[in-house]
Amino acid sequence: MSSQPPASQPQASVSGRHGSPHQGLHDHSAQGQSLEGALQQAGFYPRLVADVVADALDGRDCVAHLVHLETHFDRAEVRRHITVLVLTEDMLVITHVDDQQLDEAGEQIVAQVSTESVPVTQIRSVVLSYVYAQPQDYKPSDPVRELTLSIAWSGGQRLDMGPASCGDPQCEADHGYSGTIAQEDIVLRISAEADGLQAVQDAKLFARALRAVNTGSTAPAPHGVSTLPPRPRTGVFGNRLSRGHQR
């Protein structure tokens with residue numbers, strides 16, 4: 001795909017106005033790759049995911065994006081799911097697509113799709129956690145080996161608890177429970193070993209753009225034509241994405 005932005009063309013939306021249904025997906029963000037190109041590279045039902053994301057964007061232009069494909073093993077099955085974060089000038093659009101096999105032969109498959117649109121003014125925090133290898137030998141040129149991006153907007157909290165102890169291995173007394181409370185709505189873990197160094201860098205750039213828009217500082221300007229007037233969209237996931245995508 002060409003690295004140059006496409007020529008201006010009429011905006012599109014689900015209301016039936018003429019124009020490309022994937023208008024915002026062709027915009028090149030700070031990562032240098034179009035959103036549609038990132039979806040094609042991920043290879044997880046790219047046409048379906050592109051249509052869902054384009055519908056959720058409502059004609060808005062993409063300022064930055066993060067496409068995260070995860071693969072995990074469930075006994076003898078290999079399961080994959082994709083999370084797409086798209087930042088516009090006023091919204092954070094989250095799309096998650098999962099698939100499920102209904103029969104043993106694998107002939108009947110359904111895709112489960114969730115979308116949520118969050119005004120950037122409602123985002124409470126953007127947290128980045130870094131992992132570096134061999135910190136005693138750190139040099140400025142050393143890449144981040146792992147990055148965890150946490151975004152909170154609804155005030156939801158995660159509680160991790162476990163039995164408390166006093167440090168005495170011979171003690172059998174009941175010390176109750178101890179735990180930690182983390183505020184989060186979505187957590188994505190990107191590893192250089194699993195996803196590549198470029199994926200980690202892309203996550204850092206996305207977080208930087210999100211912080212810029214959220215705090216009102218100068219954010220990367222999107223390519224292409226001007227955006228449509230905002231049309232509020234409100235969606236709520238049955239289960240927060242952070243619950244299943246930390247590991």
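Biologist: Which residues do ring pairs link into a cluster?

Modeller: Ring pairs join Y130, Y132 and Y138 into a cluster. Rings of Phe, Tyr and Trp (its six-membered ring) pair if their centres lie within 6.5 Å. This is a predicted model, where local features need pLDDT of at least 70, side-chain atom pairs count only at pLDDT 80 or more, and totals for chains, interfaces and linings use all residues. Residues are numbered from 1 along each chain as its sequence is written, and side-chain values use heavy atoms, with hydrogens and water left out.

Biologist: How is a pair of aromatic rings described?

Modeller: By the distance of the centres and the angle of the planes. Planes under 30 degrees apart count as stacked, over 60 as edge-to-face and the rest as tilted. A search of the whole structure finds three aromatic pairs. In one of them, Y130 and Y132 have ring centres 6.5 Å apart and planes at 25 degrees, so this pair is stacked. For Y132 and Y138 the centres are 5.5 Å apart and the planes at 85 degrees, so that pair is edge-to-face.

Biologist: Are Y130, Y132 and Y138 buried, partly exposed or exposed?

Modeller: Buried means under 20% relative accessible area, exposed over 50%, and partly exposed in between (1.4 Å probe, protein chains only). Y130 is partly exposed at 41%, Y132 is partly exposed at 34%, and Y138 is partly exposed at 45%.

Biologist: Which residues touch the most other members of the largest nonpolar core?

Modeller: A nonpolar core is a set of buried Ala, Val, Leu, Ile, Met, Phe, Trp, Tyr and Cys residues joined through side-chain atoms within 4.5 Å. The largest one here has 28 residues, and L85, L87, I123, L149, I151 and F206 touch the most other members. Its largest share, seven residues, comes from α4. Helices (H or I, at least four residues) and strands (E, at least two) are DSSP runs, numbered from the N terminus.

Biologist: What is L87 in contact with, leaving aside neighbours within four places in sequence?

Modeller: Contact means heavy atoms within 4.5 Å. On that basis L87 meets D61, C62, V63, A64, V120, F206, A209, L210 and V213.

Biologist: Where is T88, and is T88 buried or exposed?

Modeller: T88 sits in the loop between β2 and β3. At 1% relative accessibility, T88 is buried.

Biologist: With which side chain does the side chain of T88 make a polar contact?

Modeller: A polar contact is a pair of N or O atoms within 3.5 Å; within protein, one must be able to donate a hydrogen and the other to accept it, and residues adjacent in sequence count only if both atoms are side-chain atoms. The partner of T88 is the side chain of D90, at 3.1 Å.
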